Amino acid sequence: MLTLYLYDIKGFFDNVDHTWMMEFLKLRISDPNLLRLIGRFLKGGYMEEGKKYKTDNSTPQGGVISPILANVYLHYVLDLWFEKRVRKQCKGQAYIVRYADDFVCCFQSKSEAEQFFESLKFRLKKFNLEIAEDKTKIIPFGKFAEKDAKQKGNSKPATFDFLGFTHYCGKSKQGNFRVKRKSSRKKVQGKLKESKEWLKINRNKDVHIIMDRFRRSLKFNTYYKCNNI
């Protein structure tokens, strides 16, 4: 049975260290002019309601290259560290799945998962980052999770949300263990609220425009539902 740790980095985009960022970029980019332009982008600040704000220790959210820079930063802070150091120190299997600043770590051993959590705090602190502990969650997951849940008096194994989907333990038609996914209830409710507000604003538009908008939305959601059953 795997032990899953779900993490979220506290205020990631607001705490990206510019000095470390430029050091990471220098490992990939040799052109000084391009590095200078990126440095200006990082320190350029942003405008909000006519007021300029500095960005001494952040990368502007909504900026054109901010997602790319964020991935470069965490590639060196997390991905390589996990691959070259953490995984080699684990006796059991260990994996990391990351999207931007949200990531899930899987460990075959619960004790190694707990050790990793402590070392992760020190690793992030080195780069002026920290874990949002209120959003951090550890759960047993895998083909033996159902048995473990029943022993603890729970009817079903724990589930977790990641990238808009709720992941849960299930079985294939052959009765084998399988990770299944469904749209996160929180995301669905948010989408319904968004659609309701859009309809309220655009209720006087041509009915064909309104139906086309909802038809595209339904096709998109149906596609993902059908491909994650």
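## The β4-β5 hairpin

Ala100 takes a positive phi near 55° in the hairpin of β4 and β5, where two residues lie between the strands. The model is a predicted one. Strand β4 covers residues 94-99, and six bridges join it to β5. The two strands run antiparallel. Tyr99 stands opposite Asp102 in β5.

How many of the six residues of strand β5 are buried? Five are, so β5 (residues 102-107) is largely enclosed by the rest of the structure.

## The three-stranded sheet

Three strands form an open sheet in the order β7-β8-β9, and the pairing is antiparallel. Which strands stand at the edges? They are β7 (160-162) and β9 (177-183). Each has a single partner strand, so one side of each is left without a neighbour in the sheet. From one strand to the next, the twist averages 40°.

Strand β8 spans residues 165-171, and three bridges join β7 to it. Across this antiparallel pair, Phe160 stands opposite His167 in β8.

## The α1-α2 pair

Two packed helices are described by the angle between their axes and the distance between the axes. Helix α1 (residues 18-26) and helix α2 (residues 32-43) have axes that come within 11 Å and cross at roughly 155°. That makes α1 roughly antiparallel to α2. Their crossing is right-handed.

Which residues meet here? From α1 come His18, Met21, Met22, Leu25 and Lys26. From α2 come Leu35, Ile38, Gly39, Leu42 and Lys43. The residues of this contact divide into six nonpolar, two polar and two charged.

How values were computed:
Residues numbered from 1 in each chain as written. Predicted model: local features only at pLDDT ≥ 70, side-chain atom pairs only at ≥ 80, totals over all residues. Heavy atoms only, no water. Buried < 20%, exposed > 50% of the residue type's maximum accessible area, 1.4 Å probe, protein only. Helix = DSSP H or I, 4+ residues; strand = E, 2+ residues; numbered from the N terminus. Pairing = 2+ DSSP bridges. Axes fitted to C-alpha atoms, helices over the stretch in contact; angles between N-to-C directions. Parallel < 35°, antiparallel > 145°, perpendicular 65-115°, else oblique. Left-handed = near helix turned anticlockwise from the far one by under 90°. Contact = heavy atoms within 4.5 Å. Nonpolar A, V, L, I, M, F, W, Y, C, P; charged D, E, K, R; others polar.
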